[in-house]
Amino acid sequence: MAKVELVMPKMGESIIEATILKWCKKVGDRVEQDETILEIATDKVDSEVPSPVSGVIAELFFEENAVVAVGKVIGFITTEASVEDKSTPSVPTPKMEVVTASKAQNGIAKTALPTQSGVSLAQKTESFASAIVETDVSTDLPKTGENGRFYSPLVRTIAKQEGVSVLELEAIAGSGEGGRVTKTDILTFVDNKKTVGTPIVLPPSDSPMNSAVNAVQTTVSQTSTSISGNVEIIEMDRMRQVIAKHMTDSLLTSAHVTSFVEADVTNIVNWRNRIKGEFQKKYGENITFTPIFIEAVCRALRDFPLVNSSVKGTQIFIKKDLNIGMAAALPSGNLIVPVIKNADSLNLVGLSKAVNDLANRARNNKLKPEDTQGGTFTLTNVGGFGNVMGTPIINQPQVAIMATGAIKKKPAVLETEFGDVIAVRHLMFLSLSYDHRIVDGALGGSFLRRVADYLEQFDVKRGI
C-alpha cells in the first residue's frame, strides 16, 4: 500500500489560502483519479479539486469552512502500489485551523498551528491583509463545555481573541451538527455584541442558577439577533465579504484619482448596426461594444506602458503582457473580473469570442481559477446599468481601471468646411481611476484622451 498526500492546490501567484466549501468524499470512500474530492473557494473563484490518484480516502485533516494555506497537506489517499514504495513514511500533518482576516483588527489572518515541541511559532509579515500569524491553539477555554458540547480550536481561538467568556460561549445557539458552535455562529455573536452592547449571559440551562431566569434568557437571545422590528439583518455571503475586503484594501493601498472625457462614438454605433447581422452569421458570435473598447485600450496601453504596471514599495513593475480584465456582474449581484490574456494579440473576432465566452461562463459559475488571474488593466461597463459615468475602484495590484458609460444621443457641435453645425451624435463618457503614487494627472489624462481618440477615429468602412 502507498500513501499519497492530498495538498491544497496553488490557485495562482496571488492566492495564499483557500476555504474548504464541501468535502465530496469522506474517510473510507473509494475515489478514482480526476474524480472530485472537495470544493474550495478563493478570493477569486470557486473550484473543484480532483483526486491526483485512484485509491481510498485514509485521512482528512480539515473540516468544511476551514481556511487553509495553499501547499498544506489536507489529507491522505492510500493506493495499491504496483511496486514497493521506498519513499520516506508519511508523517501525519498536525491539524490546523485558520481564523480569517475579517475579524483581525489589523486585517491580518491568524493560523493556529501546533508544533512538534508543543510550543507554537509566531511569525509576522508586513504585508497588509495577506500575512499569516501562527499562534498556539490552546486557550483558557475548555474543549468541551458543561453541557458536553465540543468547541473546535477555531472557535476557541476566535473566542479568546474577541474576549468571549465561557458563559457567553455556552449561551450561543450553535447551528452546526448536534448544536455545535460554528465559525459563523461565533462571528455573528461578536458582531451583535459590538452592535447592541455586551449581552447578559446566563448559566447553562441545567445549572441550578438558571431556574429563576429562563424567561429572561429568551429575551436576551432575541435582542442579540435583531435591533428592531423595522430592521432586517442579513449575513454577507462569502463572495461579498471578499469583495468588501478587496475594495477597502484598494482604497487603503492606492491614492485614487479619477479623470473623465466624453467621446463621440457615432462611427462605432453606425458600423456595428450595419455589420452585426453579418458578423453573427459568419462567426456565430454576437458583437458588442466591449471588444471594440478593449481594442482601443490595448492600443493606448502600448502608447503609455506605465499605465499597464503595478507597484511594490518603491519599485514599479511595467507589464509587457496586456491582460485585460472585464468586470462582469453575476446573477447574485456580486462582481467578478475574468481576464483576457494577451488581448492585444487578438483581432476583433478573437476579442468578441473571448468576451462572450468569459461572460457566459461567469453567469453560469463555470469560470476556472486561472480565468481570473494575471490581469494588468481592468475595464468595467457602468453603462450596462444605465449610468453615464462612474468612479471605479482600482483592482489591485493594478494601477488603473477604466469605466465606460452609457451611449446617449445628444446634440453636438461639429466643425465642417462650411462652418459649425449642430447634429445628433452618439456620445459617451469614459472615466479612468488611477493610482496617483505612480500615475500623475498628465499621464492618466493623456492615456484616457488617447483611448477616446482611437474610438472617435474608428473606420466606419472597416470590414469583418
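## Ground rules

Contact here means heavy atoms within 4.5 Å. Helices (H or I, at least four residues) and strands (E, at least two) are DSSP runs, numbered from the N terminus.

This is a predicted model, where local features need pLDDT of at least 70, side-chain atom pairs count only at pLDDT 80 or more, and totals for chains, interfaces and linings use all residues. Residues are numbered from 1 along each chain as its sequence is written, and side-chain values use heavy atoms, with hydrogens and water left out.

## H7 against H9

Let's start with helix H7 (residues 290-303) and helix H9 (residues 441-456). On the H7 side, Ile-292, Phe-293, Ala-296, Val-297, Arg-299, Ala-300, Leu-301 and Asp-303 meet Phe-447, Arg-450, Val-451, Tyr-454 and Leu-455 of H9. Sorted by type, the residues of this contact come out as ten nonpolar, no polar and three charged. For that sorting, Ala, Val, Leu, Ile, Met, Phe, Trp, Tyr, Cys and Pro count as nonpolar, Asp, Glu, Lys and Arg as charged, and the others, Gly among them, as polar.

The axes of H7 and H9 come within 9 Å and cross at roughly 130°. Axes are lines fitted to C-alpha atoms, for helices over the stretch in contact, and angles run from 0 to 180 degrees between N-to-C directions. H7 and H9 are therefore oblique to each other; angles under 35 degrees count as roughly parallel, over 145 as roughly antiparallel, 65 to 115 as roughly perpendicular and the rest as oblique.

## H7 against H8

H7 also packs on helix H8 (residues 348-363), with axes that come within 9 Å and cross at roughly 120°. That makes H7 and H8 oblique to each other, and H7 passes H8 in a right-handed crossing.

Here Thr-290, Pro-291, Ile-292, Ile-294 and Glu-295 of H7 meet Leu-348, Leu-351, Ser-352 and Val-355 of H8. This contact splits into six nonpolar residues, two polar and one charged.

## Aromatic pairs

Rings of Phe, Tyr and Trp (its six-membered ring) pair if their centres lie within 6.5 Å; planes under 30 degrees apart count as stacked, over 60 as edge-to-face and the rest as tilted. By this rule there are six aromatic pairs. One of them, Phe-61 with Phe-76, is edge-to-face, at 5.6 Å centre to centre and 90° between the planes. Phe-61 sits in the loop between strand S6 (55-60) and strand S7 (67-69) and Phe-76 in strand S8 (residues 73-79), so the pair ties together parts that are 15 residues apart in sequence. Phe-61 is buried at 9% relative accessible area, and Phe-76 is buried at 1% (buried means under 20%, exposed over 50%, partly exposed in between, with a 1.4 Å probe and protein chains only).

Phe-289 and Phe-293 have ring centres 6.2 Å apart and planes at 20°, so this pair is stacked. Phe-304, Phe-377 and Phe-447 form one aromatic cluster.

Most residues other than glycine have a negative phi, and most peptide bonds are trans. Against that background, the peptide bond from Gln-396 to Pro-397 is cis, with omega near 5°.

Asn-342, not a glycine, has a positive phi of about 50° and is partly exposed at 33% relative accessibility. Asn-365 likewise has a positive phi, of about 55°, and is exposed at 57%.

Terms used:
A crossing is left-handed if the near helix is turned anticlockwise from the far one by less than a right angle, and right-handed if clockwise.
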